[in-house]
Amino acid sequence: MENLLFYKTKAKYFEESLPVGNGRIGGLVFGDLKNERIALNEDSLWSGYPKDMNKKDAHKYLESARNAIFSGDLQNAKRIINEDMHGHWSHAYLPFGDLIIKYKGLSKKRYKRSLDISKGIAVAQTLDFKQTVFVSHPAQLMVVNIHSDSGVSFTVKLQSQLRSKSFTEEDCLFITGQAPEVCMPPYYNKGKSIVQGNKGITFCGAVKVLGNAEFHNDSIKVTNQKDTTLLISLATSFTDFKSMPTANAKKRALSYFDNIKSFDKLMSEHISDFSSLFDRVEFTLEGSRDDLPTDKRIKKMRKTGNDYALIALLFQYGRYLTISASRRGTNAMTLQGIWNTHLRAPWSSSYTTNINTQMNYWCTDTVNLSECFEPLVAFVKKLETTGKVTAKDYYNCSGFCAHHNSDIWGASYPAGFPDGDGDSSQYAPWCMSAPWFLNELYEHYLYTCDEAYKREITPLFKECLNFYKDFLVEKDGELVTCPSISPENNYKIHSKSYSITYMPTMDRAILLEFFENCRALGFETPDINPIGIASDGRIPEWIKEYDETEVEHRHTSHLYCIYPSRLPVSNELKKAAEKSLMVRGFDGTGWSLAWKVCFWARLGNADNALRLIRRQLVPIDPKKKIHKGGGSYPNLLDAHPPFQIDGNFGITAGIAEMLKNEVLPAEWSGKIKGLKTYGNKEISYTFQNGKVVTKK
């Protein structure tokens, strides 16, 4: 039962369904053998089209904003930034639609559904029936095989929330449609939430059948057949972030049907491809309840805390999701990876680049999946192009920069209220995502030792460095960032809450690492002061020791210097970080819990790391849309709340950090094989009661 999720009831909610994917195409399999739903996604189906949404005169207000910040006139600074230096909401990642299979007269005896994460295959079955679903990377198709010893009848339809039509032509079922030009986030309801227009991305889904079938107006009918295979192709008109989306989506979708192969051949090629990545790492922990369905197993874990094999499964699940959602040539993973069923999704299912997009790729190299990192590199290259416009328009600086939110079109401006009539000062005015990404790109080089890749990314560092040479401003004898924030957190002055500041500790830590990497690439950099320790013994979050409005805030931005930064830190700074973490507490949203696991792993505290892993495995009922703190849904996806996939990748990164540094709880016995560290070296060893026994 290792590397298997299984259940004895169908999924009613998205958070119970089983994700499959090949990086480009995503599916969520519900396993309903009466009215089956497989929710479909294609990673290039977004709202919008390429256009310049930078506020062209924003740079004219930079000096007045800085003067207000430096003089302590923070209310005025906030007004200037909101009204005069604002941007527009980024665009939304959209659901493609649903494949609906209506089965006739299936028995429910011995029902079971499962997901084999070592092979990327989802199965729903009864006594004499089996539905097998996977998304093939070699074939670029979703494959659904329907087998019944006694024969089964069913109909197949395609539907979508987007403007679309479904029809059949010859031996193929189609759905075609067009994404809206604008799809506002669910928390913004001024004016039209969705603007259709005719400039958005078009899309096409197509279904072919291996087996006998009848094609009606908008459906496929199969009658009393023992073995049928559905081949599902998805495509859009997206070309690239700079061009209008004018490709022929239907022609693209049909092209994937060239050289159709048998189900057995498709499955064999898929397993070979998928397992070649997944099988690189083995991780086992003794102590398991894998005889229980996964949803019941999560609930049992809350009571006993000793299903350590469930922790190993959670670790491998993060690897599984990486393989399924990020492949060479695909788009970078969004807040929901590639699995989104909402038209106006939480945070538009886009890229939140003040932690979440970065966290999506923290584990990739360490868990021996370096090939899956490439989409992030392509994303940063996109930001270099768009970010040059933003750097000039907002700061009159050379080089490039990017703020806290982006999309498939490479949004780099401070996304927020489109008309500047709301308060986005808690998140928008932070132009630090580019050096954070580049630090991650440099660390990828340290893992792979790929000199051609190093030459490829070096110009990105030069352009980003040029921005900070222009952007940094002197204050009290040192160079600082201004304006800035400590992402999404506030401080208090005389009982009033503010977020706008200059040179928060996170900015300092990111730049210290970025400048170090730039020097390693042969560039001269500005000098900035190191991170200090506050009077209470903690690492301060802001430039001054302000009172905190929320002591246990989900963001732990000021501890970037501990993780993910690779720079060594002093014992004094480690102790200050420990004190900061204790004050932050052991609760939080899903990705926040995961980040804290990474911190404690770096700090060598296995017990605290394990405590947070157990907290991440607290079961969350998908019927409850609002709940406090993170946890795990029945399908092991991270409950932010609501679902955000970064928590899955963050927890895998945290466990990998524990294993890499041999920070092992006394309760753990097992083995790790195939983990990676710098220099393209592998880590393998066995351990007993938290102690390493044998190394390879």
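Residues are numbered from 1 along each chain as its sequence is written, and side-chain values use heavy atoms, with hydrogens and water left out. Because the model is predicted, local features were required to have pLDDT of at least 70 and side-chain atom pairs were counted only at pLDDT 80 or more, whereas totals for chains, interfaces and linings use all residues.

Helices (H or I, at least four residues) and strands (E, at least two) are DSSP runs, numbered from the N terminus. Two packed helices are described by the angle between their axes and the distance between the axes. Helix H8 (residues 374-395) packs with helix H9 (residues 433-448) at an angle of about 145°, their axes lying 11 Å apart; here the axes are lines fitted to C-alpha atoms, for helices over the stretch in contact, and angles run from 0 to 180 degrees between N-to-C directions. The crossing of H8 and H9 is left-handed, a term used if the near helix is turned anticlockwise from the far one by less than a right angle. To the contact (heavy atoms within 4.5 Å), H8 contributes Leu376, Val377, Phe379, Val380 and Leu383, while H9 contributes Phe437, Leu438, Glu440 and Leu441. By class, eight of these residues are nonpolar, none is polar and one is charged, where Ala, Val, Leu, Ile, Met, Phe, Trp, Tyr, Cys and Pro count as nonpolar, Asp, Glu, Lys and Arg as charged, and the others, Gly among them, as polar.

Helix H6 (residues 308-325) has 18 residues and reaches 26 Å from its first C-alpha to its last, close to the 26 Å expected at 1.5 Å a residue, the expected span being 1.5 Å times one less than the number of residues. H6 is mostly covered, with 18 of its 18 residues buried; buried means under 20% relative accessible area, exposed over 50%, and partly exposed in between (1.4 Å probe, protein chains only).

With a salt bridge defined as a side-chain nitrogen of Lys or Arg within 4 Å of a carboxyl oxygen of Asp or Glu, the count comes to 33 salt bridges. In one of them, Lys190 pairs with Asp419, the closest N and O atoms being 3.3 Å apart. This pair links distant parts of the chain, 229 residues apart, with Lys190 in the loop between strand E12 (182-183) and strand E13 (194-195) and Asp419 in the loop between strand E19 (405-406) and H9. Lys190 is partly exposed at 42% relative accessibility, and Asp419 is partly exposed at 49%. A salt bridge also joins the side chains of Glu371 and Arg280 (2.5 Å, N to O). Glu371 lies in the loop between helix H7 (356-360) and H8, and Arg280 in the loop between helix H4 (263-278) and strand E17 (282-285), 91 residues apart. In the salt bridge of Lys475 with Asp476 (3.8 Å, N to O), Lys475 counts as buried at 17% relative accessibility, whereas Asp476 is exposed at 67%. Asp536, Arg538, Glu541, Glu548 and Arg584 are linked in a network of salt bridges.

As to the backbone, cis peptide bonds join His640 to Pro641, with omega about 5°, and Pro641 to Pro642, with omega near -15°. Pro641 is found in the loop between helix H14 (606-616) and helix H15 (646-660). Although not a glycine, Arg110 has a positive phi of about 55°; this residue is located in the loop between strand E5 (97-104) and strand E6 (112-116).
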